[in-house]
Amino acid sequence: MKAIILVGGEATRLRPLTPDTPKAMMPVLNAPFLGYVIRRLKSHGADEIILTQSHYARAIKDHFGDGKSLGAKLKYVIESVQMGTAGAVKNSEAWLGKTFLVLNGDVFTDLDDAALVAFHQAKKAAATIALTPVADPSAYGLIETEADGRVRRFLEKPRPEEITTNMINAGTYVLEPEVLKRIPSGTKFSFERELFPDLLARGEPVYAYPSDAYWIDMGTPENYLKLSGDLLLGKSRQCPSAKTKVISGEGRRIHPEAEIKGPVLVDRNCTIARKAKITGPAVIGAGTTIGEGALVDNAVIWQKVSIGQGATVKNSIVANSCRLDDGCRLESAVLGDSVIVKRQAAPAPGSRIPPGTTVS
Ligand code: GDD
Ligand code: MG
């Protein structure tokens, strides 16, 4: 079966992390996010994959190429202007003959795609949408269903008073090629705000497949941080070995008096100095240095970061090549690439600091 992955969004909610690193390429346990999505699809029988993208096309293609290293066949369809979620799929119509899968490119899930397709076929549906329960549907597409699973209503980003269920669009669809006829060519068009409501208004058989498999949309800093932690804590079937207390890469130098409380993943060529304390879940990217007596607690730190003596990094994300001077404090902060935090500085909790900024 063929699958399309949508990776052409602007990822505005992940700024300041995304100007140089596309969302699909953000490191998750030190490997690009999209690799997990492709491997999962492949393991469920979809190995011909179309990536529809408008931004940063190069970084994704440079890394994954034709997909051979993952055992998949990848094709890239580039939008010169953003076509919207459904418009992007319409753009790829020439490569889609039979029933196919569509995936939001920022969802990490253990959903069984093969079971989803079998359900779709048993229902003779035109479209089937995977559903997942969430605590607050307001950031998602709310879906109301009948007892037999037929979709009654699709409401994107519902207001609080419109919330009638905790079941939302999990961002994986099975579609029949006929559905593409309902998407206009050459125009920006949305599955969520246009195509699905339109199919429902026409009485087309649109079904929903609920699943309580592990699921997260990593498109916000909070969820991105949570995803790393969840994987280290073994919450997904895809990373069971990650339960190991400390997993370390080559060339690392961890001082015997450093205190590491797992689960912590340390990539290659890192230095962790005397009396530094790392409390998991935490991921430390390649070539990062953590100074004497520094504290890192529930964090994702990318590559070549330098954390000074006695500095604190808590519930935070630190992108590539940042420098945190001695004694500075980061709490619930997100730093873009190459940010410098001067000695003793403490940006307000919740700060989002753009790449290249100096905070003093
Ligand atoms: N190619 C292409 N072109 N891809 C796009 C475009 C576009 O114009 N716009 C968005 N995308 C991609 C994004 O890169 C992302 O992978 C996916 O489509 C969904 O876009 P988001 O911007 O992440 O949407 P969302 O998270 O607010 O909501 C969507 O996902 C929720 C589940 O995570 C909706 O589908 C909701 O209904 C759903 O509940
Ligand atoms: Mg999203």
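A polar contact, as I use the term here, is a pair of N or O atoms within 3.5 Å, where within protein one must be able to donate a hydrogen and the other to accept it. With that in hand I opened this predicted model and started looking things up.

**Entry 1: the two domains**

I looked up the domain assignment and found domain 1 (2–212) and domain 2 (224–359). Their contact takes 18 residues from domain 1 and 27 residues from domain 2. I also checked the C-alpha centres of the two domains, which lie 32 Å apart.

How many residue pairs are in polar contact across the interface of domain 1 and domain 2? I found five, both partners of each pair being at pLDDT 80 or more. My search for salt bridges between domain 1 and domain 2 gave zero.

**Entry 2: the side of domain 1**

Next I asked which elements supply this side. I noted that β2 (27–28), α1 (33–43) and β7 (107–109) each bring at least two residues to the side of domain 1 that touches domain 2. The largest share, three residues, comes from α1. Sorting that side by class, I got 11 nonpolar, three polar and four charged residues.

Then I turned to area. About 1,700 Å² is buried between domain 1 and domain 2, and carbon and sulfur atoms give 67% of it. In domain 1, I saw that P16, L17 and L29 lose the most area to domain 2, together 36% of what that side buries.

**Entry 3: a glycine in a loop**

I went to G219, which sits in the loop between β13 (215–217) and α6 (221–232). Is G219 buried or exposed? I count G219 as buried because its relative accessibility is 4%, and the cut-off for buried is under 20%. Leaving out residues up to four places away in sequence, G219 touches R13, L14, K23 and D106. I also compared G219 with G105: they are 114 residues apart in sequence, yet 9.5 Å apart in space, C-alpha to C-alpha.

**Entry 4: salt bridges**

My count came to 21 salt bridges. I picked out R40 and D113, whose side chains meet at 2.7 Å, N to O. This pair links distant parts of the chain, with R40 in helix α1 and D113 in helix α4 (residues 113–123), 73 residues apart. Both R40 and D113 are buried.

I then looked at K68 and D66, which meet in a salt bridge at 3.8 Å, N to O. Here K68 is exposed at 65% relative accessible area, while D66 is partly exposed at 44%.

My last pair was K157 and E156, with their closest N and O atoms 2.6 Å apart. K157 is partly exposed at 35%, whereas E156 is buried at 14%.

How values were computed: Residues are numbered from 1 along each chain as its sequence is written. Chains are lettered from A and ligands numbered from 1 in the order in which they are written. This is a predicted model: local features need pLDDT of at least 70, side-chain atom pairs count only at pLDDT 80 or more; totals for chains, interfaces and linings use all residues. Side-chain values use heavy atoms; hydrogens and water are left out. Domain bounds come from an automatic or database domain assignment. Contact means heavy atoms within 4.5 Å. Buried area is the accessible area (1.4 Å probe) that two parts lose on being put together, summed over both. A salt bridge is a side-chain nitrogen of Lys or Arg within 4 Å of a carboxyl oxygen of Asp or Glu. A polar contact is a pair of N or O atoms within 3.5 Å; within protein, one must be able to donate a hydrogen and the other to accept it, and residues adjacent in sequence count only if both atoms are side-chain atoms. Helices (H or I, at least four residues) and strands (E, at least two) are DSSP runs, numbered from the N terminus. Ala, Val, Leu, Ile, Met, Phe, Trp, Tyr, Cys and Pro count as nonpolar, Asp, Glu, Lys and Arg as charged, and the others, Gly among them, as polar. Buried means under 20% relative accessible area, exposed over 50%, partly exposed in between (1.4 Å probe, protein chains only).
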